[in-house]
Structure formats: C-alpha cells, structure tokens
Amino acid sequence: MEYELIIVTGASSGLGEGFAEALAGRGRCLVLVARRRERLEALAQRMRVLHPGVEFLCIPCDLGQAEQRDALLERLRSLPPGRTLLLNNAGLGDYGELVTAQRKKIRQLMEVNMLAVAELTHGLLPRLLRDGGDIINISSLAADVFLPDFALYAASKSFVASFSEALRLEVASRGVRVLAVCPGPVHTEFGSVAQRVGFDRGDMPLKSCFYTPADEVVRSSLRALETGRARVYPSAKVWMSGCLLRLLPLWLLRRVLACRPRRVQAQTGGTP
Ligand SMILES: NC(=O)c1ccc[n+]([C@@H]2O[C@H](COP(=O)([O-])OP(=O)(O)OC[C@H]3O[C@@H](n4cnc5c(N)ncnc54)[C@H](OP(=O)(O)O)[C@@H]3O)[C@@H](O)[C@H]2O)c1
C-alpha cells in the first residue's frame, strides 16, 4: 500500500467519487468526506466488495461550518499514523452577478472552496511532514482568469492554485508533494449546484468542446502527482487554453470577457 491514510473531500459525487474509486487500492484506510452520508455509504459499500483489505470510513461533514471542520480534523488526527494523501476536492460554484447572490451561498462558497482547504491542509500538515505524504488540491482552469458572472468562484480557484504553488515550495525538501489540478468543464453535479433559479448564464463560445471526462481528469491528476508536477491541466485543449489565458495581456482579456455572451435576466437584490 502506498498510503496508510487517504482523505477525499467531496467524495459523494463527481470528481471526488472518481478519485475515491481510483485511489481505493492505494491506501489501507480511505476516508470519504461530504455532507450526503447515504451517498458516501453507498460508495463505501461498493468499494468494500472490490477492495476487501481496505478500511472505508465515511465522515459526513459540512465543510462550510467551522465547528464541523474542527470535529473532522479532530477525528482525522486520531487515526493511526502513516503516509497520508489529502485530496481537497469539495467545492461549489454560483453562476450570476454578485449583486444578486445569496449571502448564504457566498459564505458557503468561500468557506468550502478556500477556508476548508486551508484549514484541513494546515491541520494535517504536521502529520504529513512527520510521516510523509502528498496533497492534491482541486483548482480549475478558472484560476487563470477573472470571470464576470462567476467572479467569486474564479477568485476562489485562483486562491487554491496560488496557495498550492506556494505551499509546494515550502514543503518541497521535506518529502511532501503538492499538486494543483486545473480542470476545464467536466460533466458532474457542479453545474446544477452552481445554477441559480431563474438565471440563464449563457455559455462561453465553444465551451462544449472543452468538456473532459471525469475519469480522464482523475487519471491525469494521479499521473501528474507521480511525476512530481506542480500543476496539471487535464486534456490538451484545457492545457492550451490555460497557456493562452496566461499569455494574453490584461487589456485584451478584459475586452474579450466584456464581449462574453449575456443571456442573463436582469435581477435585482440578493440576500442582504
Ligand atoms: N465540474 C466542473 O466543470 C469542474 C471544473 C473545474 C473544477 N471543478 C472542481 O472540482 C471539484 C469537484 O467538483 P465536481 O465537478 O465533482 O462537482 P460535484 O459533483 O457537485 O461535487 C462536489 C462535491 O463537493 C461536496 N461538497 C459541496 N459542498 C460541500 C460542503 N459544504 N461540505 C462538504 N462537502 C461539500 C459535494 O458533496 P455533498 O453535496 O454531499 O456535501 C460533492 O461531493 C470542485 O472543487 C470544483 O470546483 C469542477
């Protein structure tokens, strides 16, 4: 076994579920974290059949709640020592203008996408430095660009990418690898969670060409971790888009984004 402990946040659907399935054979104990307990239990049940020697631990937790994050960390710290993989995957988006955003969702997005990543990493880093291990943080292609009508999400993913790169340099010489994964669009539950009632955000031109299958994101990410890469953009098209976005001068990027398709219903007043 490569790891004593593997922790996957957001394991109840989408990429997290795919990562959990791909990683199951690599750890002695796999911890599945998300809010939907029944989804986690169903996944664990399926995997126990395929990997009888592995322990699957389901920990229901709302990562948007400080007390629940504290309780999760306490539980994780109580597990037997050993090489650890932390996969910070849980995340959500919110399509629409900031002015009409619900304050509750703003808080949830910032806490899950950023604070939970920072706190879980900080809380488990002593263990990783002591026993060895790796960290995978799921960022996004959106980390390389500011996105009107998706402003908080893109900014939160810039945080994840920047945080991962800096942390990687801090711990590089101490046996801990840190990888930031920057996928383009993937068919998961992400879109329906991010969608607001009565809001048609339109689509970026050619977006449908950029979809990457979830299993390809998982495979590319695990390969990138093994080869010690700092960042991975799964699929050639997404990688090229990332390169292009980073090369464009800001003035040009502003112009391009100002011309984005807008089929948004004018809405007024979010939740104060
Ligand atoms: N799909 C895409 O197009 C895309 C592109 C780039 C990056 N990403 C990133 O990939 C990651 C995984 O997203 P996905 O595409 O797999 O979407 P998804 O199918 O909606 O999965 C999101 C996961 O996060 C968990 N989660 C959300 N809020 C949570 C909370 N408050 N507490 C605990 N867990 C929470 C969900 O579990 P519960 O609801 O059960 O809590 C779920 O397991 C995210 O970080 C996302 O930003 C996605």
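Predicted model: local features only at pLDDT ≥ 70, side-chain atom pairs only at ≥ 80, totals over all residues.
Which residue in β4 is the bridge partner of Ile 7? The partner is Leu 86.

As a general point, strands of a sheet pair through backbone hydrogen bonds, either parallel or antiparallel.

Strand β1 covers residues 3-9. With β2, strand β1 runs parallel, joined by six bridges. Thr 9 has Val 33 of β2 as its bridge partner. With β4 (residues 84-88), strand β1 pairs in the parallel sense over four bridges. Strand β4 then runs parallel to β5, and five bridges join the two. Here Leu 86 stands opposite Ile 135 of β5.

## Burial of the strands

Is β4 enclosed or open? Five of its five residues are buried, so β4 is largely enclosed by the rest of the structure. Both of its faces are covered. Thr 84, Leu 86 and Asn 88 lie on one side, Leu 85 and Leu 87 on the other, and all are buried.

Strand β2 is mostly covered too. Of its eight residues, six are buried.

## Helices on the sheet

The buried residues are Gly 14, Leu 15, Gly 16, Glu 17, Gly 18, Phe 19, Ala 20 and Leu 23.

## The ligand shell

How many residues surround the ligand? The count is 30. The closest are Gly 10, Gly 14, Arg 35, Arg 36 and Gly 91. Three elements are listed as giving two or more residues to this shell: α1, α4 (103-131) and α6 (190-194). The largest share, three residues, comes from α1.

By class, the shell holds 14 nonpolar, eleven polar and five charged residues.

## Helix α8

Helix α8 spans residues 236-247, which is twelve residues. At 1.5 Å a residue, these should span 16 Å. The end C-alpha atoms are 17 Å apart, which agrees. One of the twelve residues is buried, so α8 lies largely in the open.

Ser 156 sits in helix α5 (residues 151-171). It is buried, because 25 other C-beta atoms lie within 10 Å, and 20 or more is the cut-off. Leaving aside neighbours within four places in sequence, Ser 156 is in contact with Leu 109, Met 110, Asn 113 and Met 114. Ser 156 and Leu 5 are 151 residues apart in sequence. In space they are 27 Å apart, C-alpha to C-alpha.

Gln 65 is in the loop between β3 and α3 (66-77). With 16 other C-beta atoms within 10 Å, Gln 65 is partly exposed. Gln 65 and Glu 111 are 46 residues apart along the chain, and their C-alpha atoms are separated by 7.6 Å.

## Positive phi in two loops

Most residues other than glycine have a negative phi. Asp 149 has a positive phi of about 70 degrees, although it is not a glycine. Its place is the loop between β5 and α5. Asp 149 is partly exposed, with 18 other C-beta atoms within 10 Å.

Ser 235 is not a glycine, yet it has a positive phi of about 90 degrees. This residue lies in the loop between β7 and α8. Is Ser 235 buried or exposed? Ser 235 is buried, with 20 other C-beta atoms within 10 Å.

How values were computed
Residues numbered from 1 in each chain as written. Expected span 1.5 Å × (residues − 1). Pairing = 2+ DSSP bridges. Near = placed C-beta within 6 Å. Nonpolar A, V, L, I, M, F, W, Y, C, P; charged D, E, K, R; others polar. Contact = placed C-beta atoms within 7 Å.
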